Amino acid sequence: MNFLGLIWMIPLFPAAGAVAMLLFGKKLPNWLVSIICPGMVFMSFLVSVGAVYQLSSLPERQFEKILYSWVPGASFQMANGQLSNLGADWGFLLDPLSSIMILVVTGVGFLIHVYATGYMSHEGGFYRFFGYLNLFMFSMLTLVLANNYLLLFVGWEGVGVCSYLLIGFYFHKKSASDAGKKAFIANRVGDAGVVLGMFTMLATFGSIRYTNVIAQAGSGNYHLGDAAITAITLLLFIGVTGKSAQVPLYVWLPDAMEGPTPVSALIHAATMVTAGVYLMVRSNILYVLSPDTMAVVAGVGAFTAIFAATIGIAQYDIKRVLAYSTVSQLGYMVLACGVGAFGAGVFHLMTHAFFKALLFLGAGSVIHAMSGEQDMRKMGGLAKKIPYTHATFLVAALAIIGTPLFSGFFSKDEILWRTFISPVGSSILLYGVALITAGLTAFYIWRLMFMTFYGESRVDHHAAHHLHESPPVMTIPLMVLAVLSLAGGWIGWPTVLGGSNHLEHWLEPVLGPGAKILEEHAAHGEHAHSTEYMLMALSVIVAFSGLSLAYYFFIKNRAAGDSIAQNFSGVQKLLENKYYVDEVYNAVLVRGLVMNGGEALSKFDARIIDGGVNGVAWLTRLISTVSMWWDKWIVDGAVRLTALVVNLTSYPARILQTGRVQLYAFSILTGLLIFFSYYLFK
């Protein structure tokens, strides 16, 4: 079977599932919905596996399938004055990068769907939930398979809308509906950057098709630090901060846990949040041409990683700890892209999908066992009560802190190593931040482990009575993800440990052109294996130091932990309240800019705009009145006065010059009579 020719069906399967749920879902029994929706994703996974297998045999490892011309060409003038045609196809591109993404999205997504059939079995709106999940999968697969930026944006917006629907699934809860709106609005801010980036890209390259943009960027016609490319990459990065939850637009992601736990797993692990990292890796050649943007990306990634990790160490809600962990781990991926290690970013994206999905689904299993309780202060000693959940959660915890041989060790160590040797930016400073973050990661994850699974039980009587392990439909996906969390990183086994880093070689067709530019412009230096061994050992020491601290404070000597918390209560409160960022945003943006700003705009409109219009009208009336008065009393008055003067001064003449012949004759006759009378009587 020609799977490559069928790649258009990969997003089509979940789309069909979503349409079926929309049209007939309400009439279908839950067991049939549980077959249709996960089944559609599984079909996508099977086609994806077949297509990737056939792709591996192609010499250029690239296959493009164009279904039809979506946006027909229209002429426009580029920034350099040349004419170009605006056009975009509804087409799909399968290459090493998109192949990894579709396997992760469909593979992990399928496991989450299966888990959700058990987790959501007692919830209302069962068909609606799975319809949204399938629609989400369709959008994400469209995003990663698109062959141009415009079609990518269709999927980009699609996952945004679906996240709003899924996060706000419990719409009767105000916190859930608010979280959905928060995610939607925060992402729209970033999306504006992507739209402007695409416009700038069109004006610069005359195209938004990946192959055209990459070919032109790598042609040598654009120098390092080109202003247009810097503008494009910075605008796209605004979108990345929204979708991949980086500072300052990260605030929506922790609240995304208001949705059902499978939603949190899907959004946090395999799909939406990886879209920003994918966009940067897809545009890697543009980023390497802009050192300024790379510095910004690396700085934002490193700051986000440590900022979120410090918040994670003080949270008590089990899902909220994992949510800030996701933000922090995304910071690692963005940092990797910022230092030019795009392959390491994709590697960590993949392993993170395994262990973070496992952590969230495991947390869901804990919450399921605890009858909905999420506060870790009311847990403890659950390891024996829910052994499968505990065992698989343990694997994920070891993976995320970078325990040797677990998947997270290889991907995180790759980022740390690449950051240390990077010719981009202040690599030592960035490395130091990333290393400290690794220690914080180990601390908050094992704080979660100790508070949840070990030590004395703090479970209340009611929850303890109902404690039970989750059904197989939920624990089997946990086991599969546990295997992936353990062995999923072996594909990137580094050469320094005797491996050949197959993942890096697989990605060469996508990352090669950008890597070549980096090599041409970067300062080269030799790095001994001993340095890499030393850094590797250092990261392991830091990780286990964090674990040991968590053990000491939450198992060995809880009084010491309580004492430190009391002595530094201000810091504790600051971290528990997440640096009050939400409050600041609420005060400045929501109440300040939106509400007060709206009120100010209303007053401005009423007093300035309307006042201006009314003032102009009043002034017009005043001028009109003055003009009328001037015309009536001055102009007309002058005319009438002139007439009066003429009338008065002409009066004597008018007495004589009456125009009446009879009067003239009478005057002549009277004169003659007087004249003759004078001489007669003289």
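Helix 15 gives the largest share of the lining of the second largest cavity, 3 residues. Helices here are DSSP runs (H or I, at least four residues), numbered from the N terminus. A cavity is a set of points, on a 1 Å grid over the protein atoms alone, where a 1.4 Å probe fits but cannot get out, and lining residues have an atom within 4 Å of a point. The model is predicted: local features need pLDDT of at least 70 and side-chain atom pairs count only at pLDDT 80 or more, while totals for chains, interfaces and linings use all residues. Residues are numbered from 1 along each chain as its sequence is written, and side-chain values use heavy atoms, with hydrogens and water left out.

The second largest cavity holds about 50 Å³ of space, the volume being the space filled by probe spheres set on the points, with grid points joined across faces, edges and corners. Its lining consists of Gly343, Ala344, Phe347, Glu414, Asn501, Leu503, Glu504 and Leu507. Helix 15 (342–369) and helix 21 (502–506) each give two or more of these residues. By class there are 4 nonpolar, 2 polar and 2 charged residues (Ala, Val, Leu, Ile, Met, Phe, Trp, Tyr, Cys and Pro count as nonpolar, Asp, Glu, Lys and Arg as charged, and the others, Gly among them, as polar).

The largest cavity has about 60 Å³ of space. Among its lining residues are Ile401, Phe409, Lys412, Asp413, Ser539 and Ala543. Helix 17 (407–421) and helix 23 (529–556) each supply at least two lining residues, and helix 17 has the largest share, 5 residues. This lining divides into 5 nonpolar, 3 polar and 2 charged residues. In total, the model has 3 cavities of 30 Å³ or more.

Technical notes
On a 1 Å grid over the protein atoms alone, a cavity is a set of points where a 1.4 Å probe fits but cannot get out, and a pocket is an open set with protein on both sides within 12 Å along at least five of seven lines; lining residues have an atom within 4 Å of a point.
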